[in-house]
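Dear colleague,

I am handing over the structure below. Please read the notes after it before you set anything up.

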Amino acid sequence: MKKFIALFLVALMALAIPAMAETFTHPETGEEVTLVSGKALVYDDIAYTEIDPEKTPLAGNLDMVWALYNVSEQHEQEIADGTLASVEIVNLDKVLRPDFLADVQLLPLKEQAMVLLCALGYDAEVLSSGIQLSDDAKALIQEMKDDPTCANQTEARKLFPLTQTTEDGYVVPYFAVTLKLTDTQGAVSYERFGFGKVQGRWVLLRMAASIG
């Protein structure tokens, strides 16, 4: 876990945010971003530096479901260890109906992430992953299936847009999930995880950590 954090910190310390910036369409993801002096990418007014998933502990299993589950579990342990105060899934609150969200937020972070994937239409991937979900998580996922009003699909498409990226010369579907981390001193940072469908399988293709 410390190794995971260190990999992020090394990348962050390697960059400083310069003054010059240019807004453009990201050539890999199709997202509207801002390039800061050729190094940092800005999403939603937050500057990030990209990190190769293959050079992190997540490299052992880049499957979309497992990658998001494992990084969420790591952050849960960091909260338990006193390294972090809290971790939230950005825009989860805008996708789920308030009363349903309240129930989802009672789950561990890793299961909240699984509910989000199901809300975005990746329930088949979650349920076939082999991850052992709690009875509460299973019940909430089933409730979402039975009651479409639990998740606002219009907001989901807007906040977690399905774009495209290029991988090994092929254009593949792509979307990203962002986590907001608050440490015990109140400092906030963000992590972005970009997933692409490669040869019929959703995998972690891109990672980025906020700067500053």
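The notes cover confidence, the cavity and the cysteines.

This is a predicted model, in which local features need pLDDT of at least 70 and side-chain atom pairs count only at pLDDT 80 or more, while totals for chains, interfaces and linings use all residues. Residues are numbered from 1 along each chain as its sequence is written, and side-chain values use heavy atoms, with hydrogens and water left out.

Confidence: the protein chain has an average pLDDT of 86 (the predictor's confidence in each residue, from 0 to 100), and 81% of the residues score at least 70. Residues 1–20 have a pLDDT below 50, yet this stretch makes 37 contacts beyond near neighbours in sequence (contact: heavy atoms within 4.5 Å). Where pLDDT is low, the predicted coordinates should not be read in detail.

Cavity: the count is one cavity of 30 Å³ or more (on a 1 Å grid over the protein atoms alone, a set of points where a 1.4 Å probe fits but cannot get out; lining residues have an atom within 4 Å of a point). The largest cavity has a volume of about 60 Å³, a volume being the space filled by probe spheres set on the points. Ten residues line the largest cavity, and Tyr-43, Tyr-174, Arg-192, Arg-206 and Ala-208 are the closest to its centre. Strand 8 (188–198) and strand 9 (201–210) each give two or more residues to this lining (strands are DSSP runs of E, at least two residues, numbered from the N terminus).

Cysteines: there are zero disulfides (pairs of cysteine sulfur atoms within 2.5 Å). Cys-118 is buried at 9% relative accessible area and Cys-150 is buried at 0% (buried: under 20%, 1.4 Å probe, protein chains only).

Regards

Terms used
1 Å grid on protein atoms, 1.4 Å probe; cavity = no way out; pocket = protein on both sides within 12 Å on 5 of 7 lines; lining within 4 Å. Helix = DSSP H or I, 4+ residues; strand = E, 2+ residues; numbered from the N terminus. Buried < 20%, exposed > 50% of the residue type's maximum accessible area, 1.4 Å probe, protein only.
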